[in-house]
Amino acid sequence: MKTFLIPASALVLCMAAASAFAAPGTVLRNDKLYSQPSASSKVAASVPKGASVNILSKQGGWLRVTSGKSTGWIRLLSVRAGAGGLGGAGLGDVVGAATTRSDPSRVVAVAGLRGLNDEDLKQAKFNGEELARLNTWQATPAQARSFAAESGLTTANVAALPVPQSAKTSSPWEAN
């Protein structure tokens with residue numbers, strides 16, 4: 001009997017510790033929970049906007065969460081970290097989900113790049129062929145005007161940005 005109690009006690013302690021590391025979150029829009037961190041994987045459940053979830057882990061642009069009796073993966077930008085409901089501060093709350101329990105001395109600044117780590121960024125190299133391929137997707141001004149007119153969009157004059165000035169500052173990114 002005692003040999004059964006030791007593994008059972010260890011299991012209960014592990015489950016309690018795992019739930020202690022879960023962070024609360026709120027779903028920002030109706031979304032699906034996937035069985036794997038991929039939109040092409042099987043849908044495990046659906047979660048409505050405003051639902052409370054527990055954030056278990058993060059992988060790339062995905063969060064592993066529990067919602068009610070369902071557990072699955074949801075897109076990172078579909079969840080606001082914290083228990084504040086839908087009235088939170090916004091993007092900072094979403095970013096908080098991505099950086100929960102991270103080392104504040106290891107900040108990697110990226111804009112719009114999800115799923116890349118600092119090693120991926122250090123190994124990045126210019127690829128002229130890919131840039132040329134990307135430019136084939138560019139819309140001409142006439143195509144843009146036509147699309148805007150078909151969509152009922154109107155022109156808005158926006159002041160030009162100031163001309164960039166070269167800065168003589170030292171940055172740790174210069175060495176990369």
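**View 1. S78 in the loop between strand 6 (70-75) and strand 7 (79-81).** Strands here are DSSP runs of E with at least two residues, numbered from the N terminus. The model is predicted, so local features need pLDDT of at least 70 and side-chain atom pairs count only at pLDDT 80 or more, while totals for chains, interfaces and linings use all residues. Residues are numbered from 1 along each chain as its sequence is written, and side-chain values use heavy atoms, with hydrogens and water left out. S78 counts as buried because its relative accessibility is 1%; buried means under 20% relative accessible area, exposed over 50%, and partly exposed in between, with a 1.4 Å probe and protein chains only. Leaving aside residues up to four places away in sequence, S78 is in contact with T26, V27, L28, R29 and D31, where contact means heavy atoms within 4.5 Å.

**View 2. K49 in the loop between strand 3 (43-47) and strand 4 (52-59).** With a relative accessibility of 54%, K49 counts as exposed. The C-alpha atom of K49 is 4.2 Å from that of R29, although the two residues are 20 residues apart along the chain.

**View 3. S41 in the loop between strand 2 (31-34) and strand 3.** At 16% relative accessibility, this serine, S41, is classed as buried. The side chain of S41 reaches the backbone oxygen of Q36 at 3.2 Å, and a polar atom of the S41 side chain lies 2.8 Å from the backbone oxygen of S38. When residues up to four places away in sequence are not counted, S41 touches Y34, S35 and Q36.

Terms used:
Helices (H or I, at least four residues) and strands (E, at least two) are DSSP runs, numbered from the N terminus. A polar contact is a pair of N or O atoms within 3.5 Å; within protein, one must be able to donate a hydrogen and the other to accept it, and residues adjacent in sequence count only if both atoms are side-chain atoms.
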